[in-house]
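Here is a short report on one predicted model. Please look over the sequence and structure before reading on.

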Amino acid sequence: MGSDFASSRRAVTLAEEEPDLYAAVGVHPHEAAGVVPRMWEGLRLLAGRKRVVAWGEIGLDFHYNFSPPDVQDAVFRKQLELARECRLPVIVHDREAHKETMAILSEFPGLNGVVLHCFSGGMEMAEECLARGYYLGIGGTLTYPKNNLLREILRTAPLDRLLLETDCPYLAPQPWRGKRNEPAYLTAVVETIAEIKGTVPEEVAAATAANARRFFNLVA
Ligand SMILES: [Zn+2]
C-alpha cells in the first residue's frame, strides 16, 4: 500500500520482487499536503505496472488533520478521477469523515470497485455502502471488546462483500493488541466473523479470499 509517491514506488518494487505480493499506489490523506502536481504523472505511470491492483490508500482523516481538510478533499477527488481512468478499484481511508467521504464517493460513479478500509461507520452507513456495491474492509478492530457496533453490522452484512485486512503495523487483533500486526493474526478476525455468522472459519476464509480475487482482479 502506498501512502505517498516514494512509498508507492517502493510498494510496486516489492510486489515485482515477491510473487505473493501485489501493490496499491496512492497518496494517503495524511500526506496530502506534500503533493506537488508532477507527482500525478508519476503515480499514473506506476499505476500501469502489472502488479498494481488498486489505488490507495486515499480518503479523508479529520481525526488527525495532518493535512488541511480542503487539501485532503482536493487530493482525494483527484485520485478518484485517476483511479477511474486507470480502471483500478480504490481503497478508501475514512476517519471521522464519514459524511464527507460518502458524499465525495457519490460524485464518482463508474469506479472499478470501492472498499472502505477498516470500516468504522455506523449501521446506516454500512447499509448505504452495501447498497452502492462497496466492500467493507474488516480487520483487528472487529475483535475489540467494545466494538459491538461492528459485530452487529457484520450480523447482516453479506459474507461476499467483506475484505479482510491487517492494516499492518496497526490494529492487531485482540490477543495481540498493541503489538505489530501481521497477516498470521488474521485468524482471530476470521474466527470472530465465523462466530457471528454461525459458520466455520474455513468458509469465511474461502469466501473472503474469493472476494479479494474478484475485487482486485487477481488471477486465481
Ligand atoms: Zn487507513
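## Aromatic pairs

How many aromatic pairs does the structure hold? There are 4 aromatic pairs in this predicted model. One of them joins Trp-176 and Tyr-185. Their rings are stacked, at 4.1 Å centre to centre and with 5 degrees between the planes. That angle falls in the stacked class because the limit is under 30 degrees.

Trp-176 is partly exposed, at 24% relative accessible area. Tyr-185 has a relative accessible area of 13%, and counts as buried because the limit is under 20%.

Phe-215 and Phe-216 bring their ring centres to 4.9 Å apart, with the planes at 85 degrees, so this pair is edge-to-face. Phe-215 is buried, as is Phe-216. Together with Tyr-135, Phe-215 and Phe-216 make up one aromatic cluster.

Where does the second largest pocket lie relative to domain 1 and domain 2? Domain 1 (1–96) and domain 2 (113–220) both contribute lining residues, so the pocket lies between them.

## Zinc site

Which residues are the protein donors of the zinc ion? They are Glu-57 through OE, His-93 through ND1 and His-117 through NE2. These donors lie 2.0 to 2.1 Å from the zinc ion. Along the chain, their spacing reads E-x35-H-x23-H.

His-93 belongs to strand β3 (residues 90–95), and His-117 to strand β4 (residues 114–117), so the two histidines tie together parts that are 24 residues apart in sequence. Are His-93 and His-117 buried or exposed? His-93 is buried, and His-117 is buried too.

## Helix α4 and Lys-99

Lys-99 sits in helix α4, which covers residues 98–106. Is Lys-99 buried or exposed? Its relative accessibility is 69%, so Lys-99 counts as exposed.

Lys-99 and Met-125 are 26 residues apart along the chain. Their C-alpha atoms are separated by 8.7 Å.

Technical notes
Residues numbered from 1 in each chain as written. Predicted model: local features only at pLDDT ≥ 70, side-chain atom pairs only at ≥ 80, totals over all residues. Heavy atoms only, no water. Domains from an automatic or database assignment. Donors = N, O, S within 2.8 Å, 3.2 Å for Na, K, Ca; no water. Helix = DSSP H or I, 4+ residues; strand = E, 2+ residues; numbered from the N terminus. Buried < 20%, exposed > 50% of the residue type's maximum accessible area, 1.4 Å probe, protein only. Phe/Tyr/Trp six-rings, centres within 6.5 Å; stacked < 30°, edge-to-face > 60°.
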